[in-house]
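Work through the exercises below with the sequence and the model open side by side. Each task is followed by a solution in steps.

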Amino acid sequence: MSARAINGQRLYAALAALGELGAYTDERTGLVGVNRLALTAADGEGRRHVVAAMRAAGLTVTIDRIGNVYARRPGRDDGARPVMIGSHIDSVATAGRFDGCLGVLGGLEVLRTLDEAGLTTRRPLVVGFFTEEEGARFGTDMLGSAVATGRIALEDAWAIRDGAGLSVHDELERIGFIGDADPVLPAPHAYVECHIEQGPTLRAAGLELGVVTGVQGICWHALEILGKSAHAGTTPMALRADAGVAAARINVLLRDMVASGSYGADLRATMGVITPYPGLVNVVPGRATVSVDLRTPDDAALERAEADVVRAYAEIAAREHVQITHRRTARTPYVPFDQQVQALIADAASARGLSHQRIISGAGHDAQELSRLCKTAMIFVPGEYDGISHNPRELSTLAQCENGVNVLCDVVQALAEEPGP
Ligand code: HGY
Ligand code: MN
Ligand code: MN
């Protein structure tokens, strides 16, 4: 199979065009970021933009009942199970242009490249994007791909509400993306996702590509802390039930747990949401909403860390005279990717003379859900500025994106010629 070259300029222009939808200027830095939180009007715009591009590329587009979108290119043996390329186009509220979008628009670029080469693969090819991969609005990540692969029931997904009490179902309906296709995806032959690393490893090592070996385990909690609102000046310290202090104690505990080494060297713990109420200088916070994000490739250690942090909630609640309620909003185990697909990625990178290494993913991805259905792996692309992501500074260069999608093209072609059902 000759190594085709995708059109890097066209891919980069497509990323820029999609990045205009939901664009905002960060007033502090002046940087232009992207805010396409799942199922917002901006996400709806982004979805329609990508669906139009899929249709313009002559693909048959299917939308399922959780809003996942699949664009299909026929194969010579059109009854064979397809090779799927996917990712997401929803974003966090302070995003860049590459997270998720590289995998979807890169997939489209692969299909355009094969069209231009007049090449029809044995297996059909499908490029797709999944709903609410980020979990940044409705609170659980990989929502659409979890429904597609049977981890979350459609009705449960539809019923999830965001902080304003709006449900997934109603928001899908509002943006016109409740499709009629059954959301449970028939197993593809294979799934490959190209994604920015979102971390410093590849760039720091001067490597051009990452062959992703798997995704670490993830555990998310949403906490409500209820204390007593009081005047900051007149209320004696001994009479306080300060929700802000309880939140702070949990946050410091997370850091102490990592530093203890009792959960292995890879535990990562984050309190991303820390919202005291009323958030005024002279009022003791009577309420606080906080989040806890625990991650490690060691599932047993993650279990222990979660159990210990739940115990600590009770101890801190007693000490600070507050009530702490928590909900587990996400929990996915360590997921290993397929060795054969990893080898195809590494071979394709070597054949193109691209430096690469095996790397585990610190971030969650739709690929970890698809790996329950079929052989799956990911291609990582390095990012500039220490690979910063979930930030307007997120940047992978045209060459970095081109390398990743060229290898995606090679791997997809190899998988699509494999024999069998
Ligand atoms: O949170 C994550 O790991 C991913 O960006 N959704
Ligand atoms: Mn992503
Ligand atoms: Mn992300």
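A salt bridge here is a side-chain nitrogen of Lys or Arg within 4 Å of a carboxyl oxygen of Asp or Glu. The model is predicted, and side-chain atom pairs count only at pLDDT 80 or more.

**Exercise 1. Salt bridges**

Task: State how many salt bridges a search of the whole structure finds, then describe the pair Arg73 and Asp115.

Solution.
- Step 1. The search of the whole structure gives 22 salt bridges.
- Step 2. In one of them, the side chains of Arg73 and Asp115 meet at 2.8 Å, N to O.
- Step 3. Arg73 belongs to strand β4 (residues 69-73) and Asp115 to helix α3 (residues 101-116), so the bridge ties together parts 42 residues apart in sequence.
- Step 4. Buried means under 20% relative accessible area. Arg73, at 7%, is therefore buried, whereas Asp115, at 39%, is partly exposed.

Task: Which parts of the chain does the pair Glu417 and Arg76 tie together?

Solution.
- Step 1. The side chains of Glu417 and Arg76 form a salt bridge of 2.7 Å, N to O.
- Step 2. Glu417 is in the segment after α13 (398-416) and Arg76 in the loop between β4 and β5 (83-87), so parts 341 residues apart in sequence are tied together.
- Step 3. Glu417 is partly exposed at 28% relative accessibility, and Arg76 is exposed at 53%.

Task: Are Arg151 and Glu369 buried or partly exposed?

Solution.
- Step 1. The two side chains meet in a salt bridge of 2.9 Å, N to O.
- Step 2. Arg151 sits in the loop between α4 (143-148) and α5 (154-159), and Glu369 in helix α11 (residues 366-370); the pair links distant parts of the chain, 218 residues apart.
- Step 3. Arg151 has a relative accessible area of 29% and is partly exposed. Glu369, at 1%, is buried.
- Step 4. Elsewhere, salt bridges with shared partners join Arg137, Asp162, Glu171 and Arg174 into one network.

**Exercise 2. A helix pair**

Task: Describe how helices α8 and α9 cross and what kinds of residue make the contact.

Solution.
- Step 1. The axes of α8 (residues 243-260) and α9 (residues 299-320) come within 10 Å and cross at roughly 145 degrees.
- Step 2. The crossing is right-handed.
- Step 3. On α8, the contact residues include Val245, Ile250, Leu253 and Met257; on α9, they include Val309, Ala312, Tyr313 and Ile316.
- Step 4. Sorted by kind, the contact has 11 nonpolar residues, no polar ones and 4 charged ones.

**Exercise 3. Strand β8 and its partners**

Task: Which strands pair with β8 in the parallel sense, and which run antiparallel to it?

Solution.
- Step 1. Start with burial: in β8 (residues 209-215), 6 of the 7 residues are buried, and the strand is mostly covered.
- Step 2. β17 (residues 356-361) pairs with β8 in the parallel sense over 6 bridges. Gly210 stands opposite Gln357 in β17.
- Step 3. β18 (residues 375-381) runs antiparallel to β8, joined by 3 bridges. Here Val212 is opposite Met378.
- Step 4. β16 (residues 335-336) is also antiparallel to β8, with 2 bridges. Gly214 stands opposite Pro336 in β16.

**Exercise 4. Backbone features in loops and a helix**

Task: Where are Leu39 and Asp386, and what is the phi of each?

Solution.
- Step 1. Leu39 lies in the loop between β2 (32-34) and α2 (41-56). Its phi is near 65 degrees, a positive value in a residue other than glycine.
- Step 2. Leu39 is buried, at 0% relative accessibility. Among the contacts of Thr131 beyond four places in sequence are Leu39, Arg47 and Asp90. Thr131 is itself buried, at 1%.
- Step 3. Asp386 is in helix α12 (residues 384-387). Asp386 is not a glycine either, and its phi is about 60 degrees.
- Step 4. At 62% relative accessibility, Asp386 is exposed.

Task: Locate the cis peptide bond that involves Pro278.

Solution.
- Step 1. The bond joins Tyr277 and Pro278, with omega about 10 degrees.
- Step 2. Pro278 is in the loop between β12 and β13. Val281 is found in the loop between β12 (274-277) and β13 (283-284).
- Step 3. Val281 is exposed, with a relative accessible area of 84%.

How values were computed
Residues are numbered from 1 along each chain as its sequence is written. Chains are lettered from A and ligands numbered from 1 in the order in which they are written. This is a predicted model: local features need pLDDT of at least 70, side-chain atom pairs count only at pLDDT 80 or more; totals for chains, interfaces and linings use all residues. Side-chain values use heavy atoms; hydrogens and water are left out. Axes are lines fitted to C-alpha atoms, for helices over the stretch in contact, and angles run from 0 to 180 degrees between N-to-C directions. Helices (H or I, at least four residues) and strands (E, at least two) are DSSP runs, numbered from the N terminus. A crossing is left-handed if the near helix is turned anticlockwise from the far one by less than a right angle, and right-handed if clockwise. Contact means heavy atoms within 4.5 Å. Ala, Val, Leu, Ile, Met, Phe, Trp, Tyr, Cys and Pro count as nonpolar, Asp, Glu, Lys and Arg as charged, and the others, Gly among them, as polar. Buried means under 20% relative accessible area, exposed over 50%, partly exposed in between (1.4 Å probe, protein chains only). Two strands pair if DSSP finds at least two bridges between them.
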